Amino acid sequence: MTFTSTTAVDLAAGIAAGDFSAREVTTAFLDRIAETDGELNAFLAVDTPGALATADAVDAARAAGEPLGPLAGVPVAVKDVITTEGLATTCGSRILEGWVPPYDATVTANLRRAGAVIIGKTNMDEFAMGSSTENSAFGPARNPWDTNLIPGGSSGGSAVAVAARQAPLSIGTDTGGSIRQPAAMTGVVGVKPTYGGVSRYGLVALASSLDQAGPFATTVADAAALHAVMAGHDPKDSTSIDAPVPPVVAAAANGDVTGMRIGVVKQLTGEGFQREVREHFQKSLDLLAAAGAEIVEVSCPHFEYALAAYYLILPSECSSNLAKFDAIRYGLRVGDDGERSVEQVMAMTREAGFGPEVKRRIMLGTYALSSGYYDAYYGQAQKVRTLIARDFAQAFEVADVLATPTAPTTAFPIGEKVDDPLSMYLQDIATIPANLAGVPGMSLPVGLDDKGLPVGLQFMAPAMADDRLYTTGAALEAAVGWEARP
Amino acid sequence: MPAISRDDVAHLARLARLELTDDELGHYAEQLDVILGAVQRVSEVAADDVEPMSHPVAISNVFRPDRLIPGLTPEQALSGAPAVEDERFRVPRILDEE
């Protein structure tokens, strides 16, 4: 049996049944990482001893007849923005290079409780700022479909890890599309849950009102299995929603879209999108209609302002959140010669420790929040955010789920947009509205472009109706019959 | 809205505690100007009577019972510090000599 081409659900079942051991499975993925990651650079850290120790503990628990967690023995790669006790967490930044967190994020703790094997930490755009993983201080991750291309971002390492079968599952975070866009670029399933559905405790914040962690997987059912384990109310996160986790696993198993109303967002269907992206989107709608869904058109007139609102709200929140990197309590300290003041040391440290995109956004946010501009920029952006949430509410009166292409293009060459921030920002034009409103979204692969690169489609559902993503996702997955591999 | 000058960038960098190089000042002045030009589109939306939205979850004042929960030990809390002295964070000079 080739473990690296087996689904996570089947791996968990096989380990639980004693068909093979957690150690065999973990070793197969560690070997795969060793073979491929020199080129792909998806991992910033591989925890071989920790992973094998967890796997052995799972095997011992099974031998002793103890109950196993739902993901017992299944390797999971974790984006390096989520804290892991005893395992370095860098956020892709020099300023945190070598920092070993003294505590687990709730997501990490949930994985451990489920018996998952944390195999390593994945590469990312620095502090999750970017759409290509080129902003990592530790070199770009590469797209396994063509290693000259970006894998998307900011969770590019997590997307690559699953696409290249270095891990059956991985975790990313999504602030404006950072799970869904790299999922689209690498031909895997990626889900941003409802804001508040997954705890943010231990997730190093980019923009606190937008960030949400979620699963990457090769199938909709695998994504649901990981989603169910990650999610749930957490008293340590005051924005965590105190409600049951939506029934995502059951929805993924069902996949019946008969009578479901799928809304096509008029503003996000064509203009500016690559031809093959539009063609596969239309073809997918036809497949959903053939499966019994009703396709309706919805209008969300304020979505065209979402990108502008986002690039005021996000920098404002991040400039505040990143103030904590002050060279005092953790991370890099530069220039402390006993003479320089604390402020000089802070400024020298932040200059040396942050990359260009991080500095750009910190200054944008500082500007947008400064007195005299606050109302015109940040205040106005927050009002536009309200209007975007209203657009969603109206759309969900006539549609159960919304559908759009995930990203305007397929993967592009490394270096192409790196010094053209606006053109990079446009990658997230279809994914940002969901973050602004806090609703869940899923990207799944629906076809290949003329160059043989994956195209993604996005579903969005009302808050805490994440299960609908999995219903439509499973239906479309079955209809598309996706079998392409990098 | 005014264009962003080099001096504006230098001012923002001071506020944000970033000691930018001369090259960076010029480069960021150009880029911030382009980005701010684009995001100004939000002003086209008539929204005078619209409530601002700071957060997608309509909850506030989340409380928990007032009971002791173990936190980090001093060793754990100091484990990532750049400099430590007497179980405390050692910081650079915070007062002027004069």
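In chain A, strand 7 (residues 261-265) and strand 8 (residues 294-298) run parallel and are joined by five bridges. Helices (H or I, at least four residues) and strands (E, at least two) are DSSP runs, numbered from the N terminus, and two strands pair if DSSP finds at least two bridges between them. The model is predicted: local features need pLDDT of at least 70 and side-chain atom pairs count only at pLDDT 80 or more, whereas totals for chains, interfaces and linings use all residues. Residues are numbered from 1 along each chain as its sequence is written, while chains are lettered from A and ligands numbered from 1 in the order in which they are written.

**Strands 7 and 8**

- A:Val265 stands opposite A:Val298, which belongs to strand 8 of chain A.
- Together with helix 9 (residues 275-290) of chain A, strands 7 and 8 of chain A make a right-handed β-α-β unit. Right-handed applies if, with the strands pointing away from the viewer, the path from the first strand over the helix to the second runs clockwise.

**Chain A as a whole**

- Chain A has 16 helices and eleven strands.
- The C-alpha atoms of chain A fill a box of roughly 65 × 55 × 45 Å along the principal axes.
- For 486 residues, a compact globule would have a radius of gyration near 23 Å, and the 21 Å of chain A agrees with this. This radius is taken over C-alpha atoms, and the globule rule is 2.2 Å times the number of residues to the power 0.38.
- Of the 486 residues of chain A, 64% count as buried. A residue is buried if 20 or more other C-beta atoms, placed from the backbone, lie within 10 Å of its own, exposed if 12 or fewer, and partly exposed in between.

- Strand 9 (residues 401-405) of chain A runs antiparallel to strand 11 of chain A, with four bridges joining them; A:Thr404 stands opposite A:Gln458.
- Strand 10 (residues 441-448) of chain A is also antiparallel to strand 11 of chain A and is joined to it by seven bridges; A:Met442 has A:Phe459 as its bridge partner.
- The hairpin of strands 10 and 11 of chain A has five residues between the strands, and A:Gly452 there takes a positive phi near 85 degrees.

**A buried loop residue**

- A:Ala128 is found in the loop between strand 3 (117-122) and helix 5 (156-163) of chain A.
- A:Ala128 counts as buried because it has 29 C-beta neighbours inside 10 Å.
- Leaving aside neighbours within four places in sequence, A:Ala128 is in contact (C-beta atoms, placed from the backbone, within 7 Å) with residues including A:Val81, A:Thr173 and A:Leu206.

**Contact with chain B**

- Chain A gives 57 residues to the contact, and chain B gives 44 residues.
- Helix 13 (375-398) of chain A is one of the helices that supply at least two residues of the side of chain A that touches chain B. Its eleven residues form the largest share of that side.

Technical notes
Contact = placed C-beta atoms within 7 Å.
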